[in-house]
Structures are given as C-alpha cells and as structure tokens.
Amino acid sequence: MTVDAVESSSRRVVFRRFGGPEVLEIEERPIPRPARDEVRVRVAAEGVNPVDWKLFSGRPMHDPYERALPSGNGYDFSGIIDQVGADVEGWTVGDRVFGGLRFHAQADHLVIDPGLLVRVPDALSLVVVGALNVVGRTAVASVESQNIGASDVVLVSGAAGGVGILTAQLCVTRGARVLGTASPRNHELLRRLGIEPLTYGEGLADAVRTAAPDGPTVALDTVGHGTVDLALDLGVPPERINTVADYEARRRHPVRGVGGAAAGTAELAMIAALLADGTIELPIDSVHPLDDVRDAYARSIEGHATGKIVVVTGAVPVS
C-alpha cells in the first residue's frame, strides 16, 4: 500500500569527511522503497544529539559505533508512514510514528523495520516526539538503574538539557526530592517542573550541602564535568551513582553506567504517554529547516540549549 507522491527525489544529510558542522551536506537521491517486511516513513522532524556531532567529528569515542565514509546522519525521527511492505501487518499508510535509526534519520524519507517504531499519541506534536528517541530512552534507563522513591534526594546534573530535564522530571513523578544543576537562566523553568535548581560551577558543592545537609542519596549524571567525583565527595554510595556521560569516572570508580541501550520501544511509548498527558514536558530549544542543519549542530556544540534542538523537513505538518 502506498500514497501518491509528487516528489521525484529525496533529500538526506550526509558527511563525506570528518570535522565540524561544515562537513554536513544535503544530498539528493531517489526516493527509497521498502522491502516486503519494511515500511517507509515520510519524515517530519529529527532530533539533534551530541552523539551525532561526536560521530561526524571523527574523534575517538568510548561507544563502539562503526563509522564509514560517506555516511548519513542523525538518529531520532518522527513522521508519517507513506508506504507499507506487502508482508507488514498492524501498520497502515497515514500512521504517525517515531523512533530511531542511526545514520539514516535526517532525510525526507527512510525505510525501517516496523518493530522499531512507536505510535505517536494524538496529543503530541511530531516535533516533540521527533526529538524523543535518544533522550527518552536514556532518561528512563538512568532512572530505572536506581530504586528511586519518596525517601530519596536526587542530584541531577545538566537538568535543563534534553536528557537531564526528562531524568529530573521522572524522579519527581516517583515522589523524590530533586536537585538539578543548570545555568541561572533555566532556574525558573526547573522550579515550575518541581525541580530545585542549583547553579553549576564554582561553589556547587557548598550549594548542595546547604540545600541538602544530609546529602543526596542518588546522583544521576547527564553531562560529566566532575559530577561523579562531586557525588562521591558528598557521600553518595557508588552504586547509587549513574552516569551516561563520564566514561573516565566509570573507569576509576565502581559507579553505574546505564544508558539508552537498556531501554527500547516500550520505554519510549511510556515516556510519550507521560508527555501526552502533561505529567512531564520536553522543551524545544529551537527548530531549524533541514537545509540549515549545520546551524542546528552549531547550536548543539555551543552547549547552551534548553531541552532539544530539532530539524524539520517542511513537507509534513508537525503540529
């Protein structure tokens, strides 16, 4: 089954050499067709993640991602199914979907195993779910790595970033008291979401001790920058520290390193439902057209985004 399309070609983001955002190019290609057990998605929105620019930079990484040139780019996506393979059941043309497909997401069309897809709740925009795959799975996995409850005081680093803001809110939903590090410009947002903001940088240890004299009971690190060492100095047991960012600290200390690989489509569906009913929020920092993908990554590399940066193709309504 398919829908009529007037397009004769499809854009995708590629890189043919390693470097900064300047290596990203828009390539025209024939519109891909799904195999009998695949579906094709007309992509609407695509999340921008730090791991993307670490991959196209070519620099060494701790995760064993295979990189070969030339390469497509991106992981998160949302869109509408516009073609269904003959052997696929349970999915139809017009279904709104989201998920992740490494090195393929930033494109007008992608073909995918439907088992990797999640249905979009009616109340959510394709922009929000297009940014959800990496941060959603990572946040759920990090929180699930600890038995967090109402008796806990949780320190979340980078609490205004994409992973951090979901991580902190998930802890709030469990009744925990949550301290979140962020720049002052994001403090009002965190307070509104039930998170007690602390300014990162010099004086953070004293600020945590003042806010929680008995110390945090859990630390969930989303940015690195010494958070693990700080948590240990504050008396958090190593087994109650999870970092998704500081590989060196994991080598030096017996802390946990549970990330997005520990979560899948069921966890994505769960966090999408929480977003849909307003229990939690995922702020969108900025939205960029696909042709301006370099600007989107320049914004990400600056490191000052609140929530998620998103790229949109412009061909599919995203509301």
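In strand β15, K308 is the bridge partner of I284. Between β14 and β15 the chain passes through helix α10 (residues 293–302), and the resulting β-α-β crossover is right-handed; that is, with the strands pointing away from the viewer, the path from the first strand over the helix to the second runs clockwise.

The model is predicted, local features need pLDDT of at least 70, side-chain atom pairs count only at pLDDT 80 or more, and totals for chains, interfaces and linings use all residues. Residues are numbered from 1 along each chain as its sequence is written, and side-chain values use heavy atoms, with hydrogens and water left out. The mean pLDDT of the chain is 95, and 98% of its residues reach 70 or more, where pLDDT is the predictor's confidence in each residue, from 0 to 100. Over residues 1–5 the pLDDT is below 50, and this stretch has 10 contacts in the model beyond near neighbours in sequence; contact means heavy atoms within 4.5 Å. Where pLDDT is low, the predicted coordinates should not be read in detail.

An open sheet is formed by 5 strands in the order β11-β10-β9-β12-β13, with parallel pairing; two strands pair if DSSP finds at least two bridges between them. Because β11 (196–199) and β13 (241–243) stand at the edges with a single partner strand each, one side of each is left without a neighbour in the sheet. On average, neighbouring strands of this sheet are turned by 20° against each other, direction ignored. Within the sheet, 4 bridges join β9 (residues 153–156) to β10 (residues 177–182), and G180 in β10 is the bridge partner of V156.

Helix α6 (residues 204–211) packs on the sheet, where α6 touches β9, β10 and β11, and its direction makes about 155° with that of β11. Angles run from 0 to 180 degrees between N-to-C directions, the axes being lines fitted to C-alpha atoms, for helices over the stretch in contact. Helix α4 (residues 162–173) lies across β9, β10 and β12 (218–221) and runs at about 175° to β9.

The loop between β9 and α4 holds A160, which counts as buried because its relative accessibility is 5% (buried, under 20% relative accessible area; exposed, over 50%; partly exposed, in between; 1.4 Å probe, protein chains only).

Residue S142 lies in helix α3 (residues 133–144) and is buried, at 2% relative accessibility. Its side chain makes a polar contact of 3.2 Å with the side chain of N242. A polar contact is a pair of N or O atoms within 3.5 Å; within protein, one must be able to donate a hydrogen and the other to accept it, and residues adjacent in sequence count only if both atoms are side-chain atoms. Beyond four places in sequence, S142 touches L220, N242, V244 and V258.

In the loop between β4 (71–72) and β5 (76–84) lies N73, likewise buried at 2% relative accessibility. The side chain of N73 makes polar contacts with the side chains of Q106, at 2.6 Å, and Y297, at 3.2 Å.

Key. Helix = DSSP H or I, 4+ residues; strand = E, 2+ residues; numbered from the N terminus.
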